[in-house]
Amino acid sequence: RRDSNLQRTGNDWIEAAFRAARAADPGAKLCYNDYNTDGINAKSTGIYNMVRDFKSRGVPIDCVGFQSHLGTTMPGDYQANLQRFADLGVDVQITELDITQGGNQANMYAAVTRACLAVSRCTGIT
């Protein structure tokens, strides 16, 4: 959405950014982070396909972050979605976790934590 020098390279700007970041700091953990990707949906599947493609072509990517801005429910396939990314060989992290205030809030935080703990490559909740 932003006008940047990287976007001017064409549709490969995310790949170009990851390659440039790895070249600048070979030890940095490179993560793709996005929102509205908590369940298996068109957006998360597009990202899944991108990560799978990156891994197959040797584009450096180490993890995927899920900005979990949740309401009163969690997608039923939340854990399965985390797991499918982990199965690609990347770590997954729950980033920017916030849950709408209400009577179910504590249960929701617990459910997200359980989902992360059930995926061996889930390395953090923020």
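Two strands count as paired if DSSP finds at least two bridges between them. In this predicted model, strands E1 and E2 are joined by 5 bridges and run parallel. Here's a quick tour of that pairing, plus the aromatic rings and the charges that sit over some of them.

**Strands E1 and E2**
- E1 covers residues 31-35, and its partner E2 covers residues 63-70.
- Look across from Cys31 and you'll find Cys63 in E2.
- To get from E1 to E2, the chain goes through helix H2 (residues 42-57), making a right-handed β-α-β crossover.
- Side chains along E1 alternate: Tyr32 and Asp34 share one face and are buried.

**Aromatic rings**
- There are 3 aromatic pairs in the structure.
- One of them is Phe66 with Phe85: the ring centres are 5.3 Å apart and the planes sit at 80 degrees, so this pair counts as edge-to-face.
- Phe66 belongs to strand E2 and Phe85 to helix H3 (residues 78-86), so their contact ties together parts 19 residues apart in sequence.
- Phe66 and Phe85 are both buried.
- Tyr48 joins Phe66 and Phe85 in a cluster linked by ring pairs.

**Charges over rings**
- Tyr48, from the ring cluster, has Arg84 over its face at 4.8 Å from the ring centre.

Key. Residues are numbered from 1 along each chain as its sequence is written. This is a predicted model: local features need pLDDT of at least 70, side-chain atom pairs count only at pLDDT 80 or more; totals for chains, interfaces and linings use all residues. Side-chain values use heavy atoms; hydrogens and water are left out. Buried means under 20% relative accessible area, exposed over 50%, partly exposed in between (1.4 Å probe, protein chains only). Helices (H or I, at least four residues) and strands (E, at least two) are DSSP runs, numbered from the N terminus. A crossover is right-handed if, with the strands pointing away from the viewer, the path from the first strand over the helix to the second runs clockwise. Rings of Phe, Tyr and Trp (its six-membered ring) pair if their centres lie within 6.5 Å; planes under 30 degrees apart count as stacked, over 60 as edge-to-face and the rest as tilted. A charge sits over a ring if NZ of Lys or CZ of Arg is within 6 Å of the ring centre and within 35 degrees of the ring normal.
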